[in-house]
There are 2 protein chains.
Amino acid sequence: MNPEMKPPVTDMPAEEFRRHGHRLVDWIADYLQHSERYPVVAQVKPGDIRKALPRQAPEQPEDLTVALDDFERVILPGVTHWNHPRFLAYFAITGSGPGILGDLLGGALNVNAMVWKTGPAATELEEVVVGWLRQMLGLPEEFFGIIMDTASVSTLCALHAARERLGLSVREKGMGAGPRICVYCSDQAHSSVEKACITLGIGQEGVRAIAHDAEYRMDPTALEAAIQDDVRNGLRPCAVVATLGTTSSGSVDPVKEIAEIAARHALWLHVDAAYAGPAAILPEKRALFSGWERADSVVLNPHKWLFTPFDFSAFYTRDPQTLRAAFSLVPPVYLTTKEGDQVHNYMEYGIQLGRRFRALKLWFVLRYFGQEGVRQALRYHIELAQQFAALVDADPDWERMAPVHFSLVCFRARPRGVPEDRLDDLNAALLEDINASGQAFLSQTKLRGNLTIRLAIGHLRTSSQDLTAVWELLREGAARIVAR
Amino acid sequence: MNPEMKPPVTDMPAEEFRRHGHRLVDWIADYLQHSERYPVVAQVKPGDIRKALPRQAPEQPEDLTVALDDFERVILPGVTHWNHPRFLAYFAITGSGPGILGDLLGGALNVNAMVWKTGPAATELEEVVVGWLRQMLGLPEEFFGIIMDTASVSTLCALHAARERLGLSVREKGMGAGPRICVYCSDQAHSSVEKACITLGIGQEGVRAIAHDAEYRMDPTALEAAIQDDVRNGLRPCAVVATLGTTSSGSVDPVKEIAEIAARHALWLHVDAAYAGPAAILPEKRALFSGWERADSVVLNPHKWLFTPFDFSAFYTRDPQTLRAAFSLVPPVYLTTKEGDQVHNYMEYGIQLGRRFRALKLWFVLRYFGQEGVRQALRYHIELAQQFAALVDADPDWERMAPVHFSLVCFRARPRGVPEDRLDDLNAALLEDINASGQAFLSQTKLRGNLTIRLAIGHLRTSSQDLTAVWELLREGAARIVAR
């Protein structure tokens with residue numbers, strides 16, 4: 001080696017990292033405290049941000065100050081603020097302070113926990129943290145936990161394992177050899193179920209969208225009938241996905257009855273509790289989850305309603321052997337390690353070989369808030385949702401569209417005197433106006449064929465004042481549209 | 001709403017965030033500068049970390065100071081340091097200062113860029129940054145870019161699109177209806193190709209592992225023969241995966257010839273350049289990539305050899321329409337947005353609905369280093385690898401096992417007088433000793449049936465002094481084992 005050969009480029013010197021890092025931490029501290037200064041929804045048109053940026057990377061190095069300035073000047077106006085107390089669309093989330101700091105540490109260590117050896121602490125802290133969460137949720141000890149990135153991937157993994165357990169040698173022979181496979185979910189299930197079935201080669205025609213009842217819950221009788229139908233037709237029922245807290249309305253499938261049916265037909269039961277799962281931490285909400293302890297797999301997303309920055313999806317299964325049998329491919333020699341079954345090599349349980357040190361962020365969140373703090377925060381969100389629902393219920397010009405089990409309220413404006421066939425346009429225009437104002441961000445769905453406004457609470461700084469203000473915006477907005 | 005109802009739990013106050021954040025930034029600045037203080041490979045036994053942690057989450061909130069102290073005391077000893085200048089295993093990586101800060105900002109904003117509207121800046125900065133990178137790589141403008149998390153997922157998406165393009169209605173009908181599908185790659189390809197085929201329902205039997213030549217390159221004649229064989233047997237060839245920079249030896253498949261064959265048989269050509277892709281930025285290395293501009297899709301990982309913290313995989317395709325046709329599922333109403341084809345809704349092009357604001361970290365990296373800095377850093381790594389290879393070549397007790405195209409050197413100890421059938425044990429013991437010492441981390445493969453040591457360079461602080469020291473460790477270690 002030529003000892004004279006010096007690195008022509010070094011990483012950012014410590015002094016510089018400190019300087020930019022402190023500036024960024026200060027900016028973030030202020031942002032987290034005062035994100036309400038910004039419009040919730042970015043006030044930009046398509047192409048605005050792209051056009052404001054150079055078409056090529058700079059040829060010469062730049063001081064990071066320039067990029068940080070550009071961030072504030074160019075990027076920030078194009079940010080839709082998910083970390084804003086009036087972000088009430090989709091499912092509202094919180095990237096909390098402790099979570100952000102845990103994520104920072106994970107990024108700095110840059111560990112790839114593909115096997116135990118490449119990240120002993122990452123692997124074992126993952127075991128510990130998913131274990132803590134499992135206990136808080138009241139799931140039995142036999143559930144094996146693993147951190148995935150998103151519920152889309154968790155559900156794909158669940159159905160992958162379900163397919164493997166059929167014993168059709170799909171892993172070896174592919175999907176062409178055996179009978180056609182069917183997966184059941186309600187017509188209110190998340191699109192990730194259908195996407196997973198497309199990916200797995202089951203196909204959209206293999207997805208049975210089971211009808212829902214008056215409260216948007218899967219109808220078990222219809223499920224049973226669909227399974228029997230498929231069996232009669234020589235198809236092979238594989239798995240059923242029950243949802244606890246559907247995307248559209250937050251409804252709760254009757255998991256207990258579904259579990260009975262799944263057991264009777266030897267189907268894999270996957271429970272999608274991506275959003276509502278954390279509510280199982282509350283004893284008073286546990287009854288809604290009755291039966292999920294019989295599931296083969298469960299997914300819930302701490303990045304949704306557990307104050308953990310994106311991405312962090314917690315996946316549990318009582319049959320890790322099948323999950324591993326479905327996925328495990330240990331490249332000979334290259335990734336063989338000698339610890340054997342003493343350890344978990346998490347790469348064997350999913351799609352991704354590379355795995356970020358995600359456990360740190362939930363570890364910080366659970367320690368900072370404590371179990372008691374988590375319970376109080378969840379209860380407060382549910383209480384806010386119930387109070388908002390009470391406002392809707394008390395006003396004859398408004399209609400509630402679904403029960404409020406968690407922190408999601410579905411409703412619509414129904415001003416007296418406006419004909420039914422004008423209501424969809426009215427509510428769409430109302431939503432459009434409010435979101436364009438930058439004052440709040442709400443989203444929409446269709447329930448009973450009617451355009452419905454969704455208000456989801458999940459940010460730690462959302463207050464009753466925020467919701468009072470949003471309620472006023474809604475009422476004034478509706479009145480203005482009626483008067484047009 | 002009850003205006004008296006105050007949030008019982010608040011997020012970390014700004015003052016506290018600042019204090020902990022500054023402490024963490026200072027710690028990271030010091031860590032990045034001096035990670036060589038720590039043993040590269042964690043000196044812990046299975047269970048050590050787990051046993052040192054409580055079995056339950058704390059009931060009451062804790063000051064984050066306690067968790068930060070525990071991090072240093074309990075977690076750090078279990079970290080295998082990927083961000084260490086003597087981490088030379090697998091593919092060595094750098095989580096650089098600007099990359100870590102970009103990632104921090106992404107975590108704090110906590111944007112989910114599933115559709116343009118939910119993250120206009122995240123979406124458009126993604127377009128810009130993958131565009132910058134595409135230009136630097138010399139890929140044609142018609143390549144559409146998207147950020148994925150890992151190459152495992154990128155390759156799965158590529159093969160998913162390839163399957164869709166066959167026109168067999170797999171999306172709708174699943175894999176049962178059509179002919180059996182085949183995917184081709186060399187027997188040196190990454191395990192993610194096989195894993196993707198398992199997931200997609202193509203099955204392991206649908207993967208054709210094509211033989212390699214003396215330099216571990218896919219043999220195009222064998223590829224052509226395998227395709228013809230399958231066609232004759234009524235199977236349906238679907239895609240070929242060529243690798244530029246294989247995991248085992250860094251070999252380079254003859255993409256130009258493979259592209260000819262793929263075109264002749266109308267196969268989707270996916271190029272896996274996960275590790276070596278960034279070398280295409282260097283004009284003097286561009287020839288090795290000849291032909292990849294004809295690919296249907298390309299993956300390379302800035303989190304491998306472009307100084308970007310995990311996870312960041314750049315995926316390019318010239319056929320985004322097919323990728324979108326394979327994956328797009330826009331839940332009606334809930335995620336419908338009105339911008340239409342003016343914008344990219346990136347969720348339509350992959351598995352995950354949720355998408356982190358990853359563009360920021362590569363944006364910071366490219367601005368901080370500049371194109372010139374990136375070139376110099378890559379050149380330096382390649383130069384170091386060549387010099388290390390020269391040491392191996394000059395020593396009669398050592399044998400080089402593969403050409404050095406990039407920054408990976410494959411070699412083994414072959415001390416004079418030691419019989420051939422003892423060499424595998426000797427090299428395995430040598431590797432074990434060095435890795436256990438905490439002085440350096442190297443990994444292994446098998447080449448020509450022989451256990452081979454892999455030394456991969458990719459960290460920005462790896463110096464010629466480090467490699468001189470590692471070479472001494474290797475020589476002393478081998479001598480000690482021979483003398484045992």
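This is a predicted model: local features need pLDDT of at least 70, side-chain atom pairs count only at pLDDT 80 or more; totals for chains, interfaces and linings use all residues.
## Relation of the two chains

## The four-stranded sheet of chain A

Chain A contains an open sheet of four strands in the order E8-E9-E11-E10, with antiparallel pairing. Strands E8 (398-400) and E10 (443-447) of chain A are at the edges; each has a single partner strand, so one side of each lacks a neighbour in the sheet. On average, neighbouring strands of this sheet are turned by 40° against each other, direction ignored.

E8(A) is joined by three bridges to E9(A), residues 408-413, and Trp398(A) has Ala413(A) as its bridge partner. Helix H14 (residues 423-437) of chain A lies across E9, E10 and E11 (450-456) of that chain, running at about 30° to E11(A).

## Strand E9 of chain B

In chain B, six of the six residues of strand E9 (residues 408-413) are buried, so this strand is largely enclosed by the rest of the structure. Leu408(B), Cys410(B) and Arg412(B) point one way from E9(B), while Val409(B), Phe411(B) and Ala413(B) point the other way.

E9(B) pairs in the antiparallel sense with E8(B), residues 398-400, over three bridges, where Trp398(B) stands opposite Ala413(B). E9(B) also pairs in the antiparallel sense with E11(B), residues 450-456, over four bridges; there, the bridge partner of Phe411(B) is Ile453(B).

Definitions and conventions:
Residues are numbered from 1 along each chain as its sequence is written. Chains are lettered from A and ligands numbered from 1 in the order in which they are written. Two strands pair if DSSP finds at least two bridges between them. Helices (H or I, at least four residues) and strands (E, at least two) are DSSP runs, numbered from the N terminus. Axes are lines fitted to C-alpha atoms, for helices over the stretch in contact, and angles run from 0 to 180 degrees between N-to-C directions. Two residues are in contact if their C-beta atoms, placed from the backbone, lie within 7 Å. A residue is buried if 20 or more other C-beta atoms lie within 10 Å of its own, exposed if 12 or fewer, and partly exposed in between; C-beta atoms are placed from the backbone.
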